[in-house]
Amino acid sequence: QVQLVESGGGLVQAGGSLRLSCAASAKIFSIYTMGWYRQAPGKQRDNVAIITTTDNVNYADSVKGRFTISRDNARNTVYLQMNSLKPEDTAVYYCNTNLRALPWGQGTQVTVSS
């Protein structure tokens with residue numbers, strides 16, 4: 001079964017940057033449209049960015065212009081570059097297919113202080 005492992009989170013001040021990585025245990029990123037999701041305490045898990053197999057991307061309005069999703073199929077890794085971070089970006093970040101078809105990983109915590 002495919003495993004997803006997210007990393008790169010941390011504590012950062014508002015206006016700072018982080019780069020998240022999502023590694024898969026199998027070569028899946030050339031097959032699936034992948035997405036990054038986030039879940040803040042007490043809230044549902046929302047999609048923030050997706051990237052198709054042809055590198056078309058789409059972003060939630062709340063992160064548009066600040067976040068960039070990219071993919072390296074050779075490394076089985078999807079990235080999320082997050083710039084100009086805001087306290088409201090604080091959440092646990094996960095990756096999955098755009099249909100949430102794979103088992104969820106443990107996520108990576110992003111905390112943005114004001």
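So, what pattern does the protein chain follow when you read along the sequence? It goes β-β-β-β-β-β-β-β-β-β. That's 10 strands and zero helices, where strands are DSSP runs of E with at least two residues, helices are runs of H or I with at least four, and both are numbered from the N terminus.

Quick housekeeping. This is a predicted model, so local features need pLDDT of at least 70 and side-chain atom pairs count only at pLDDT 80 or more, while totals for chains, interfaces and linings use all residues. Residues are numbered from 1 along each chain as its sequence is written, and side-chain values use heavy atoms, leaving out hydrogens and water.

Okay, overall build. The C-alpha atoms fill a box of roughly 40 × 25 × 25 Å along the principal axes. Of the 114 residues, 45% count as buried, meaning under 20% relative accessible area with a 1.4 Å probe, protein chains only; over 50% is exposed, and in between is partly exposed.

In general, that's a covalent bond between the sulfur atoms of two cysteines; here the cut-off is a pair of cysteine sulfur atoms within 2.5 Å. The partners are Cys-22 and Cys-95, with sulfur atoms 1.8 Å apart. Cys-22 sits in strand S3 (residues 18–24) and Cys-95 in strand S9 (residues 91–97), so the pair ties together parts 73 residues apart in sequence. The link of Cys-22 and Cys-95 is right-handed, with 40° about the S-S bond.

And are these cysteines buried or exposed? Cys-22 is buried, at 0% relative accessible area, and Cys-95 is buried, also at 0%.
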